Amino acid sequence: LKLTRVTAKMALLACLAMAVRRGPATTVTAFSLASFSTKGAAASRANGVFSLSASRARKSNPLAFFGRQYQREASTTASITSLKSTSVVAELEKKLEITHPAFEVVEKDVVTEYGAYCTLYRHKKSGAELLSVSSDDDNKVFGITFRTPPSDSTGVPHILEHSVLCGSRKFKTKDPFVQLLAGSLQTFLNAFTYPDRTCYVVASQNEKDFYNLINVYTDAVYHPRATSDPTVHAQEGWHLELEEKEEPLTYKGVVYNEMKGVYSSPDSLLNRDSQQSLFLDNTYAVDSGGDPVVIPELSFEQFADFHAKFYHPENSRIYFSGDDDVLKRLEIMDEYLSEFDRSPESKPAS
């Protein structure tokens with residue numbers, strides 16, 4: 001292989017750059033050439049091997065400057081990060097001490113693995129418990145969970161989960177949940193029905209949007225339109241439809257149709273039968289999602305009574321996490337919780 005003088009110089013510069021990166025005591029063997037075409041360098045042409053120490057390379061190579069500059073910048077960045085970390089910790093520690101006259105502090109703790117500074121509050125008037133988790137995460141999360149153990153398979157917890165998001169006292173639109181999905185800056189927006197509890201969760205990185213989501217969800221769970229408007233129960237739960245006058249009446253409904261799909265899955269049926277066979281005398285013996293055969297037995301009155309009993313602040317667990325203001329969290333929730341008095345009958349025994 002015959003290299004030109006320009007090519008040789010480029011290869012040499014590459015070697016010097018490698019020396020700078022590897023450190024001051026590194027000896028660099030760049031490459032071996034069968035022939036190196038530089039006049040008056042017979043020894044070089046003979047073996048084609050060049051060895052240079054990195055210290056010598058730095059004296060003769062301007063690239064060494066960038067190595068030293070990088071080290072200085074890395075050191076400066078580490079110092080800034082350390083200072084920032086210290087200031088963040090100090091700020092989070094202050095949040096542990098925040099109080100509000102409507103709440104009493106039950107417990108404080110720090111989860112160091114997650115940088116989470118946690119305070120458990122209890123609302124004095126309503127009895128609601130609120131876990132406030134402060135961290136440097138800009139994805140702010142709010143959740144509210146109710147213990148909702150069903151006594152039958154009419155699916156009332158599941159139907160109620162759908163129904164409370166169909167308008168409320170403050171937000172009278174028919175489907176605020178759908179509108180939030182389309183127009184909000186949310187990073188998460190959903191609700192879940194479990195065998196023994198129902199959860200409502202929102203998250204957003206935008207603070208103003210986050211507070212709006214909290215207001216919509218909190219007003220929805222405590223003051224839903226569904227408990228005073230039977231059409232919501234009929235729409236989300238079950239109703240009768242007549243598609244053709246010659247055809248028989250058929251059952252329809254959002255949850256009813258959803259659970260028909262669930263009960264057509266062999267895996268789902270096996271899971272339900274296994275659970276109900278293991279737990280014969282408690283809430284896990286029935287289906288909180290609803291059995292399509294049993295769902296039509298749920299009346300509007302039973303539906304409204306279930307909400308009145310279980311959707312009370314004393315039966316709820318409220319959760320916040322992120323870098324938003326702790327005092328603002330407490331102020332927002334106190335606006336809703338202060339309307340309620342304690343209700344021991346709303347809190348089922350474990």
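Predicted model: local features only at pLDDT ≥ 70, side-chain atom pairs only at ≥ 80, totals over all residues.
C199 has a relative accessible area of 9%, so it counts as buried, the limit being under 20%.

With cysteines on the table, disulfides come up. A disulfide is a covalent bond between the sulfur atoms of two cysteines. How many disulfides does the count come to here? The count comes to zero. The rule asks for a pair of cysteine sulfur atoms within 2.5 Å.

Now the chain as a whole. The protein chain has 350 residues, and 41% of them count as buried. Its secondary structure consists of 12 helices and 11 strands.

Next, contacts along the sequence. Take the contacts in the protein chain with a separation of 6 or more: 68% of these are accounted for by residues 24 or more positions apart.

Where is H233 found? It sits in helix α8, which covers residues 230-236. Is H233 buried or exposed? Its relative accessibility is 6%, so H233 is buried, again by the limit of under 20%.

What is H233 in contact with, once neighbours within four places in sequence are left aside? The list is I159, W238, L298, S299, F300 and F303.

The disulfide count is zero. That is the end of my part.

Note on methods:
Residues numbered from 1 in each chain as written. Heavy atoms only, no water. Helix = DSSP H or I, 4+ residues; strand = E, 2+ residues; numbered from the N terminus. Buried < 20%, exposed > 50% of the residue type's maximum accessible area, 1.4 Å probe, protein only. Contact = heavy atoms within 4.5 Å.
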